[in-house]
Amino acid sequence: MTLQELINYDKEHISQHCLKVAKEHYLKDPDFNPNYVHINSFAAAGLCYWAINIVKISEVYCEKEPKCCALAQANAELAAATEKLEVSREKLLSKKLVGASPLKTSKHRRKLSWGDILFTAAFVSYFGTFIKHYQDLKGHFWIPPLKKAWTQLPR
């Protein structure tokens, strides 16, 4: 092999048979030591380092590949779930807007405001506790000034 072939070697797709042979026959051999081989040949020591590191890289890749596949699958599921969530949110928002539109149109049709509702509730809760005789007296006393003030309220 040339140096360029060693550099471009396909580290991720080494057969399991080649890895098994390299581990059992070469890496377990005590003489297959770059420091020991370096005494006789600097180039052979480099090839020892290369072989040892290629096996390590392949082992790491074999551990990493299933995790990368699982991550890709999880990301695809997340994207699908996110898209489904966005569709549900849009439906919910449109239902809220459709549900709010009758109240809005009815409010404009009757010229009714939330202040009107609050004022009416306060009036009923205050005058509702008195007997009919006192309600009539208070009604005659309070209603004319309230009608005058009512016409001056901003709407």
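This is a predicted model: local features need pLDDT of at least 70, side-chain atom pairs count only at pLDDT 80 or more; totals for chains, interfaces and linings use all residues.
I started with secondary structure: the chain has six helices and zero strands, counted as DSSP runs (H or I, at least four residues, for helices; E, at least two, for strands) numbered from the N terminus. Along the sequence the pattern reads α-α-α-α-α-α.

Residues are numbered from 1 along each chain as its sequence is written, and side-chain values use heavy atoms, with hydrogens and water left out.

Next I checked burial. Of the 155 residues, 11% count as buried (under 20% relative accessible area; exposed is over 50%, partly exposed in between; 1.4 Å probe, protein chains only). The chain exposes about 13,000 Å², and carbon and sulfur atoms supply 65% of that (Shrake-Rupley, 1.4 Å probe).

Then contacts, meaning heavy atoms within 4.5 Å. Among those in the chain with a separation of 6 or more, 49% join residues 24 or more positions apart.

Which residues make up the largest nonpolar core? I found five: Ile14, Leu19, Ala22, Ile54 and Val55. Helix 2 and helix 4 each give two or more residues to this core. The term covers buried Ala, Val, Leu, Ile, Met, Phe, Trp, Tyr and Cys joined through side-chain atoms within 4.5 Å.

Leaving aside residues up to four places away in sequence, Ile14 touches Tyr9, Leu19, Ile54 and Ser58. Ser58 sits in helix 4, and I log Ser58 as buried because its relative accessibility is 1%.

A pocket here is an open set of points on a 1 Å grid where a 1.4 Å probe fits, with protein on both sides within 12 Å along at least five of seven lines; lining residues have an atom within 4 Å of a point. The lining has 13 residues, with Ala22, Trp50, Ala51, Ile54 and Val55 nearest the centre. Helix 2 (16–27) and helix 4 (42–110) each supply at least two of the lining residues.

Leu47 goes down as partly exposed because its relative accessibility is 46%.
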